[in-house]
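Let's take a look at the ligand and the pocket around it. Here is the structure to follow along with.

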Amino acid sequence: MTNSAPVSARRDLTDAPLLVAARGGKPRHTPVWFMRQAGRSLPEYRKVREGTPMLQACLTPELVAEITMQPVRRHGVDAAILFSDIVLPLYAAGVGLDIVAGTGPVVSRPISGPSDVSALPSLAPEQVAPVADAVGLLVKELGSTPLIGFAGAPFTLASYLVEGGPSRNHERTKALMHSDPQTWHVLLEKLADTTLEFLRVQLGAGVDAIQLFDSWAGALSLRDYREFVLPHSRRIFEGVAEISDVPKIHFGVGTGELLGAMRSAGPEVVGVDWRVPLDTAVARLCAAEPGAAAPVVQGNLDPAVLFAGWDAVEREVHRILEEGRDAGGHIFNLGHGVLPTTDPEILSRVVELVHTATAQR
Ligand code: CP3
């Protein structure tokens, strides 16, 4: 017996639908999971989180494992996503920030120029050791369900750091990008280092896939995305590929114009929000890279449709499955995260419907 194999190599995930689909194979059913599946839509989540601030919860391994498992137990989804947050590595590295309920991440001293960028701390792996411990607990408990690790992409992290919090227009971020491109690129390089380190820790502990969230990249023109963001996101995907062959997913909101460029950063799977039908997304991805393999896509039920009653939800699920048929693979998901007031029963029914509608096709 040797203990040197990575934890993931000791679990048999060969037939896991998520991993089969992500690699362009034929899964036994279309895999389904939901962004933000672990969280406030679940009463059991609210119960265990009571009295523990968000970031503290993310650094408590047993709590992370329990919250990550909750939607897997309840909905029977095809993947767990690590309970954490995109700003956690910044917080762990020593950046003054908090997650304020109902608002999101709030940074105490926003970045505005080169001296702030030089002062930005880098992440040492031991600062996120509790995350590795949580992954260790999870891979033991999950059995044949894959665990998705994740991190925030440099642009989305930069937006929080420069704006000081959530932003509608990202005006300070865009001002820095265009007025001082050199400082901008140094900032994004540092953030890419942090993200890569955070992913390295998760991969070392045994996650089976990763998703890079560039949630707010849709605020950029294709031209700005290519010049100011893409090289940094690409470096993360290349860095992950150097250490692991797990599938990589890339997602952002409102990124219909950026899909081809986001694929060129290096993920196997492109996440699509609800604004672009999956068949249109596939056509755009194929046009952007003629001759490449048919793209694998993830998405894209509008999370607001979950409030429209079962008949509407059922219709939309069937439409999306149909529109995903010509992709190189389809991972069913929402077009963005589960909204906190969503009825969890509906999510369970969506999982069941996707599974039964696509079994042994
Ligand atoms: O289930 C999962 O998807 C895993 C957990 C997860 C969280 N955050 C937990 C969380 C994931 C993948 C994230 C990523 C994240 N965090 C993103 C990228 C995904 C996206 O939605 O685009 C972003 C932009 C953030 C930043 C952030 N953190 C926001 C905007 C918020 C919401 C603030 C609010 O209260 O409305 C958070 C807080 C957060 N992250 C919560 C959870 C469960 C809520 C905090 C709480 O329950 O107290």
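## Ground rules

Before the elements come up: helices (H or I, at least four residues) and strands (E, at least two) are DSSP runs, numbered from the N terminus. Keep in mind, too, that this is a predicted model.

The largest pocket holds about 1200 Å³ of space. Its lining takes in 40 residues, and Arg36, Arg40, Met54, Asp85 and Gly104 are the closest to the centre.

Which elements each supply at least two residues of that lining? They are α2, β2 (97-100) and β3. With 3 residues, α2 gives the most. By type, the lining divides into 24 nonpolar, 11 polar and 5 charged residues.

## The ligand in place

The largest pocket is also where the ligand sits. In total, 26 residues surround the ligand, and the closest are Arg36, Tyr45, Asp85, Ser215 and His336. That shell splits into 15 nonpolar, 7 polar and 4 charged residues.

Tyr45 has a polar side-chain atom 2.5 Å from a ligand oxygen atom, and Arg40 places an N or O atom of its side chain 3.2 Å from an oxygen atom of the ligand.

How much of the ligand's accessible area does the protein cover? On its own the ligand has 870 Å², and the protein covers 92% of that.

Technical notes. Residues numbered from 1 in each chain as written. Predicted model: local features only at pLDDT ≥ 70, side-chain atom pairs only at ≥ 80, totals over all residues. Heavy atoms only, no water. Near = heavy atom within 4 Å. Polar contact = N/O pair within 3.5 Å; in protein donor to acceptor, adjacent residues only side chain to side chain. Areas by Shrake-Rupley, 256 points an atom, 1.4 Å probe, with all protein chains shown as cover. 1 Å grid on protein atoms, 1.4 Å probe; cavity = no way out; pocket = protein on both sides within 12 Å on 5 of 7 lines; lining within 4 Å. Sits in = over half its atoms within 2 Å of the grid points. Nonpolar A, V, L, I, M, F, W, Y, C, P; charged D, E, K, R; others polar. Points joined across faces, edges and corners; volume = space filled by probe spheres on them.
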